[in-house]
Amino acid sequence: MASLSTASRALARSAALRLTPATAARAISTSPVVRDASSSSFESPFKGESKSSKIPDFSKYMSKGSGSSNQLISYFLVGTMGAISAAGAKSTIQEFLKNMAASADVLAMAKVEVDLAAIPEGKNVIIKWRGKPVFIRHRTAGEIDEANQVNIASLRDPQADEDRVKKPEWLVMLGVCTHLGCVPIGEAGEYGGWFCPCHGSHYDISGRIRKGPAPLNLEIPAYDFPEEDKLIIG
Ligand code: FES
């Protein structure tokens, strides 16, 4: 009898060892766990406060007017603030641009006025404009003819004389060699115009490059004749 009970205990132990995790979990879930709510350690931080907290009375701040009048006031305030902000921004930008603009002395240097009546025919005058020399040549009728008789196709920088002048008798150009920036000499060179001694560039009576290393014709600045004997450069 004793050996029978020993065998049944061994059988029960081995069955318990063969339980799969799922079976074991099911076995656990079938045994209800009873928790005592009164034994919980959680304490609400607001416990008891609801009785002591008082909501302030905001009724005195509430508008007495109708909804549409409130909207009107809101729109008025927003519009006024927008207008003031726009005026402030405009004035700030205006002041900034005024400060950035060229001063009167700089503007005066930007344009140069020349009295052409003082330049006799066949003569050169050099003036300074924006720190650079400007050649003004009062050309003779013979020089104008000479400039127009050149075969444009043969030029290194092809340009007709009429495209370089506003009035044929007045040739206005920057006195800066287009090679490396020297100032050419007037009434010199093989073409009766200007000669740059730095590296030997020859310009004709229209200021076009004819010989030497310079790649381009002498540059024509912006200019105008506001009156008969007046030239404005710039
Ligand atoms: S700078 Fe005039 S030829 Fe070189």
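Q: How many disulfides does a search of the whole structure find?
A: The search of the whole structure of this predicted model finds 1 disulfide.

Q: What makes Cys182 and Cys198 a disulfide?
A: The criterion is a pair of cysteine sulfur atoms within 2.5 Å. The sulfur atoms of Cys182 and Cys198 are 2.0 Å apart, so the pair meets that criterion. The pair links distant parts of the chain, 16 residues apart: Cys182 lies in the loop between strand 4 (170–174) and strand 5 (185–188), and Cys198 in the loop between strand 6 (192–196) and strand 7 (201–204).

Q: Why is the disulfide of Cys182 and Cys198 called left-handed?
A: The torsion about its S-S bond is about -105°, and the disulfide is therefore left-handed.

Q: Buried or exposed: how is Cys177 classed?
A: Buried requires a value under 20%. Cys177 has 4% relative accessibility, so Cys177 counts as buried. Cys196, with a relative accessible area of 2%, is likewise buried.

Q: Why is helix 4 said to lie largely in the open?
A: Of the 34 residues of helix 4, the number buried is 0, so helix 4 lies largely in the open. Helix 4 comprises residues 67–100, and its span from first C-alpha to last is 49 Å, close to the 50 Å expected at 1.5 Å a residue.

Definitions and conventions: Residues are numbered from 1 along each chain as its sequence is written. This is a predicted model: local features need pLDDT of at least 70, side-chain atom pairs count only at pLDDT 80 or more; totals for chains, interfaces and linings use all residues. Side-chain values use heavy atoms; hydrogens and water are left out. Helices (H or I, at least four residues) and strands (E, at least two) are DSSP runs, numbered from the N terminus. The expected span of a helix is 1.5 Å times one less than its number of residues. Buried means under 20% relative accessible area, exposed over 50%, partly exposed in between (1.4 Å probe, protein chains only).
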